[in-house]
Structures are given as C-alpha cells and as structure tokens.
Amino acid sequence: MRGLLGWGRERGCERAYLVVVERNAPARALYESEGFVQAGAYHYRVRNVTER
C-alpha cells in the first residue's frame, strides 16, 4: 500500500480514497495505521428475493 501511495504521489496525486465495509476491522485498523480517517459512510439496501 505504501508503494502504491508513493507511486501516485510521484505522479502528482494528492489524495487517496479507500472503501471498506464497517465490519472489516482488520482492514480498517490497517488503513487507520497508515493515516486514513473515515470521511463518510454508505448504507446499502438489498432486497431478499426469497421473500414474496
């Protein structure tokens, strides 16, 4: 991840965004350890096709 961020920085990128589900605690901890902070949230609604 650091390599990819460095590569982008060398090419003029100033920001990076990640998307991770809230229940993925290991990924969230990794991203937070690299300086990422939560900037927003999504709420998805999924229709259960077995219900009629």
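Author: Gladly! Helices (H or I, at least four residues) and strands (E, at least two) are DSSP runs, numbered from the N terminus. The model is a predicted one, where local features need pLDDT of at least 70 and side-chain atom pairs count only at pLDDT 80 or more, while totals for chains, interfaces and linings use all residues. Residues are numbered from 1 along each chain as its sequence is written, and side-chain values use heavy atoms, with hydrogens and water left out.

Leu30 is found in helix α2, whereas Glu14 sits in the loop between α1 and α2.

Now to your salt bridges. The term stands for a side-chain nitrogen of Lys or Arg within 4 Å of a carboxyl oxygen of Asp or Glu. Side chains of opposite charge can pair when their charged atoms come close. The structure holds two such bridges.

One of them joins the side chains of Arg2 and Glu34, at 2.8 Å from N to O. This pair links distant parts of the chain, 32 residues apart: Arg2 belongs to helix α1 (residues 2–10), and Glu34 to the segment after α2 (25–33). To describe how open these residues are, we call a residue buried under 20% relative accessible area, exposed over 50%, and partly exposed in between (1.4 Å probe, protein chains only). Arg2 is exposed, because its relative accessible area is 64%. Glu34 has 25%, so Glu34 is partly exposed.

The other bridge is formed by the side chains of Arg11 and Glu10, with 3.5 Å from N to O. Here both Arg11 and Glu10 are exposed.

With a relative accessible area of 79%, Glu14 is exposed. The C-alpha atoms of Glu14 and His43 are separated by 27 Å, and these two residues are 29 apart along the chain.

Finally, the setting as a whole. Buried residues make up 8% of the 52 residues in the protein. The C-alpha atoms fill a box of roughly 55 × 20 × 20 Å, taken along the principal axes. The radius of gyration, taken over C-alpha atoms, is compared with a globule rule of 2.2 Å times the number of residues to the power 0.38. The protein has 16 Å, while a compact globule of 52 residues would have a value near 10 Å.
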